[in-house]
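Notebook open, viewer loaded. I'm jotting down what I look up as I go.

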Amino acid sequence: MLFLLVFAASFTFSSEITDPRFPAVSPDGSEMVFCWRGKMWEASVSGGTSRCLTPGEGLVSHPAYSGDGAWIAFTNDATGSGDVYVMPSGGGVSTRLTYHSGEDTVLGWSEDRVLFCSSREGGANWVWSVSPEGGTPVLELAVSVNSLVSTSDGYVIERGSTPWWRRHYTGSASSSLWKVENNTITPLGQVNTDQRWPLVQSDGTVFYVMEDGNGDDRFYDTAGNPLSDPVPGGITFPAAGADGGVCVFESAGKLFSCTLPGMNIQEIYLPDEVDLPFPMEKLSFAGVYTTDFSVASDASFMVMESDGEIYAATITDGELDDAVRITTTSALESRPRISPDGSMVLFQREADGKVSIVLGYVDISEGDPLRIDLDEMNTGHEVSRNGEWAPSGDFSFLDGEGVLYVMDVLAGRASKVCDQRGILHHSWSPDSRWIAFSTTVEAHREDIFVVPSSGGTPVNVSRHPNDDFQPLWPSDGRRLIWASRTDDGNYYIMQAWFDPEDWEAEHDEKDELLDLPLEVVQANTDDLYMRTEELCQVEGYYNFYGITPDGRKIYFPADDLDGSMDLYSVDWDGENLSRESSGDFSPARIQPTDTELAGAVYFLSYGSTLRNNDGDMLSWTAPYSMVRYEMQKQKFCSAWRRLRDNFYDRGMHGVNWDEMREKYEERAASALINEEFNDVVRRMLGELSASHLGIYGPWTYNHTAYTGETGIFPDHRWNGSGIRIDSLLPMSPGYLAGFLPGDIITEIDQIPVGQGHDFYAPLRNTTDREIEFVFTRNGTTQRVEITPISQWDLWNLQYDEQLARSRRTVSALSDDRVGYLHIPSMNQESVRNFRRDLYAEGLGRDAMIVDVRGNGGGSTHDQILASLARNTYAMSMDRGGGTTLEPLGVWEKPLVLLINETCYSDAEIFPAAWKELDLGPIVGNTTYGAVIGTTDIQLADGTGFRLPGTGWYSLSGDDMENRGVEPDVLVLEMPEDAGSGIDRQLEAAVQAALQQLQGYPSD
C-alpha cells in the first residue's frame, strides 16, 4: 500500500495548465491559441477548457492568426528544424508551406501572406513571406529580426542579440525597436535596455515590453511612457488581436489578458482538464546508452550507469551476462567505482539539491544473479561527490567547493585532507598513505599535487606550464603518471619517479623494480618535476586515459591526421606507441583490467557505447522505468545545485538563489517535455543577468530531410513561370555548373518549380547526390547536372566570399596600403589562419586591420597577441644589406581593430588586452559584455547545461562581465547594412589606418 501511495503522489500536478507559451489572439479578441506540451491548444480569452488542434507529430510553436481570422500559421519541427504550416482557425488538416531544412519561425501575417524569419540564402533571421497556398517564399526584408508587428504603413521590428529569457541586461547587444516604412529603417525610442515584442493597439499606437527602473516588466509606448503597472512575474510572448483591443501574455507560468488601451490585466484560468499526450511513466530498457561504468580489475563483473540509475552484470568470456538494476530511486545515481579488491562499489546519489555517497557490498555466488546491497553514507556534508576508493577500504570525496575529504568507513567520520579548493581529479597511493590530485593554478592550467591522506600541506610536483591533470598511481608505488596537454593540441603521457635511485637506474633495472611493489610508499616530492619524463606525444585535447593496475601499459585517446579519434597505447618506458582501435571510436572512461588476470581494455565510445580494445560492442539491457515528473524535478535540482556550487560569483549577482529554487522548481517539474522544461530553467538562469548560461537538448537523431544547397539565389521579384536566377555564390555548385543571372529554372530532379511550386522542395535529401536541372536561357531549354552541398559548406563559401569582398574594399579604399584579416573564432584553426594571413596580407603593406566582429570566443587571445605585442630585440643583416628584425612573425606596423556588439567572450578579452597594450585605434561598436570562463556538463537524460565558473577582470579589478569594451571610434551599423552590402565600420577602419600612415614611409 505504501508503494501505491508514493506512486500516486508522483502524479500530482497543479490544477491549472503551467507554462503555456506563444499565445496568439483571434482578430476579434475572443479566442486564443497557445502552445503547451509541444502542441497547439485553443481556448477562450476569458479562460476555460482547452482543445488540442495539433495532436500529431512535432513540436509546434509561434502560432499567428490571419487578419481575417480564417487561418492560423505556425511552426512545426516534425519535418526539420522548423517549417511553416497553416490550418483553418477552427481546427482541421494543416498544410506545409516551407521546405528548407533551416529553421523557419512564424512572425505573423502581412495582409494575405505569412511572415517568417529564416537564415536561408545567407541571411541571418531575415524576413520572408509565403502564400498560404504555397510556392517559393519571397524575401521581404534583408534585416535580422527577433519579432515584428505589421502596421498600416510598414513594420516595427525588434532586433538584438540578447536571448528573450535574460533579464536586466543593458549594453550594446540589447534588443531595440526600428520602424520600417517605404524601404527606410529608422530607430524607434532607442534606449540601452531590452525593448521586446512590439504590438499595435486599435488606434495604431505601437507598444512593447521593457523593464522599469526596479527590474519589473511593463508595457510602454514608443515615447517611453509606461502604459501598465509593473508585472513582477515578467511579460513574455505577448500577442494582440488584429483589432488591437485585447492582448494576451505569459507571466510567472500563467496566461494573462489585458484590455487595450486601458491595460486592465486579468489572469486567464486554464484548468488542466486534458489527457496527457504520452504516458507519465516511461517503461523501457536501459543499456542503449551507457554514461559511465567501472570494471573489476579481474574483469569478473562490471557496474554501469545509464539514465541516472546503477546496473551491474557479471562478465563471461568477455561478454556481459544478464544485467540487474541496483538502484530504484527517483534520484540521479552516477559515477560508479569498484573497490580495488572488487568487494565493494561506491557511487554518488543526487536528490533535492544534495549529493551523497552510497556504498554497495558485492555478492557474487556461482549460479546466482549478482547482488549488491546498498548503504547510504552520512559524510556530514550536503554535497559529497567524486568518490574514489582507497586500497584500505576507506574512500575520499570532494565537497561542493572541491575540497578533499577522507571518509573512515568503520568510524563513520570524514576528515579534511587540506584546504585546497577546486580539486578536479584525485587518486590514492597503493599503501593508502598519499593522495595525488590536480587543480588549476593559472587560469585553466592544472598542476599535480601530492598530500598525505591523513592531512597536511599539498606539494606541487609537476610545476609545468602545460595543463597537467588526472594523476594515477600504479600498484608499484614508485611512480606517478598523469596526462598533460597544450592549448594547441599536443597531448602527452608523463611519468615521475619518486626515488632518485629509481630515476637513475638503467632500463632493465627499472623493469625489475616494477615487479617489486613498495609496502610503504616513500613519496619523495623534492624536485620531483626534475625526475619527470615524457612517455609519448600525440594529437589530443583534455582527454582522460587509463592504466593497467601495474602501470606497465597506458591507454589513451588520440587523433590521427584525418581527425579521427581512437584508442592508443604506450608502454611504461615510452616504447611501442600503438594504435589499438580503428573506427573513430572517440574513447572515453578508459579502464584496462589486470594484465595477468584478464588483459581486456574497456571504454565508452562517444560517451554512450561500451566497447573493448578490439572495438567490439558490449551490449546489455535491463528493465527501466521512469516517472517524467520525478525526472524533471531531479534535473532541475541538479542544475540549480551545480550552478550554486560553480557560478564564478559567490554572491550569485545579488540573486537569492534559494528563492529561485522555490520560484521555479515546481514549474520545471511540471514541464513534461524537454523543450518546455528547458525554457523554465532558462527563465531561472535569466534572473542572474549573466552570459555563458544555457541549457539545451538532449540531442536526438533527426531523421528529417536536409536541403541540398546550390548557391543559386532566386529573383524574388520575378512573377513569371519558373525560378529566375538573381545571383550566384562564387564557387558554389550552381556557379561551377555555369548558371548565369537571368536563367530561368523550370525543373529540378524532374519536379517542376515556380508559381505554386517551392524551389527548395525538390532539393530535399540531395546533398552530395547528382541531380538534373532544366532551365531556359534566351528562350533555349538546357539541362545540366549539379551536385548540391550541405548548408554548412554553403556557409563556408559565403564566409570566403565575404572575406574576399572585405579585402577588395580595403585595398580599393587604401590604394592597397592596408591589409585586412578576420578572426572568426578564438580556436586553433583561427590562430593558424591568423598567422598565415598576417604574413600573406601584410607582405608589402603598411598597416593592418584586424576584424573580430561576429567572433563568439574561445581561448586563444594570448596566442594571437603574441604576434602583435612583442618588442623587437635584435636585427640580423646579410651581406647584401637585407635586414631582418627579431622576433620573427610579429607585426610592427600600424594596426586597427574592428569590434562590435557581436564580439563575445574571448573576443572581448582580446580587444580589452589590445586597449591595455595600446596596439592601435579600435573602431566599431561596444562589445557584448559577456566574459566568463565556462564548462559544459550533462544532466541525467543528456541535457546539456553550462556552468560559468571563472570570472575575468581588468588589471584595475573591474569585472568584465556586463562591461563591454568601448571603441575609440564609435560607428554604428544600420539594420539594412548587411543585406545591402554596406560596411560603414570597415570604411571607418580604413580611414583610421590611413590617418596613422600620414608621414609613415610606404613599403
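This is a predicted model: local features need pLDDT of at least 70, side-chain atom pairs count only at pLDDT 80 or more; totals for chains, interfaces and linings use all residues.

I started at Val450, and found it opposite Val459 in β41.

**Entry 1: around β40**

The strands β39 (residues 434-442) and β40 run antiparallel and are joined by eight bridges. On the other pairing, β40 and β41 (residues 459-460) are also antiparallel, with two bridges.

Then I checked how covered β40 is. The strand takes in residues 445-452, and six of its eight residues are buried, so I'm noting it as mostly covered.

**Entry 2**

I went through the turns next. The β39 and β40 hairpin has two residues between the strands, and Ala443 takes a positive phi there, near 50 degrees. The hairpin of β40 and β41 has six residues between its strands; here Gly455 has the positive phi, near 115 degrees.

**Entry 3: Ala523**

Val450 turned up again when I listed the contacts of Ala523. Leaving out residues up to four places away in sequence, Ala523 touches Trp434, Val450 and Phe498. I placed Ala523 in the loop between α3 (507-513) and β45 (532-539).

Is Ala523 buried or exposed? Its relative accessibility is 10%, and the cut-off for buried is under 20%, so Ala523 counts as buried. I also picked out a C-alpha pair: Ala523 and Gly477 are 46 residues apart along the chain, with 8.4 Å between their C-alpha atoms.

**Entry 4: helix α13**

With 13 residues at 1.5 Å a residue, the helix should span 18 Å; I get 19 Å between its end C-alpha atoms, so the two agree.

Which residues of α13 are buried? My list reads Gln985, Leu986, Ala988, Ala989, Val990, Ala992 and Ala993. For the spacing, I recalled that an α-helix has 3.6 residues a turn, so residues three or four places apart point the same way. The buried residues of α13 pack against α8 (791-813), β61 (818-822), β62 (847-851), β65 (895-899) and β66 (922-924).

**Entry 5: a surface patch**

Met731, Tyr735 and Leu736 make a nonpolar surface patch of about 340 Å². I traced Met731 to the loop between β56 (723-728) and α7 (733-736).

Conventions:
Residues are numbered from 1 along each chain as its sequence is written. Side-chain values use heavy atoms; hydrogens and water are left out. Patches are made of residues with over 30% relative accessible area and no salt bridge: like charges are joined within 9 Å, nonpolar side chains (Val, Leu, Ile, Met, Phe, Trp, Tyr) within 5 Å. Accessible areas come from the Shrake-Rupley method with a 1.4 Å probe; for residues, only the protein chains shown count as cover. A salt bridge is a side-chain nitrogen of Lys or Arg within 4 Å of a carboxyl oxygen of Asp or Glu. Helices (H or I, at least four residues) and strands (E, at least two) are DSSP runs, numbered from the N terminus. Buried means under 20% relative accessible area, exposed over 50%, partly exposed in between (1.4 Å probe, protein chains only). Two strands pair if DSSP finds at least two bridges between them. Contact means heavy atoms within 4.5 Å. The expected span of a helix is 1.5 Å times one less than its number of residues.
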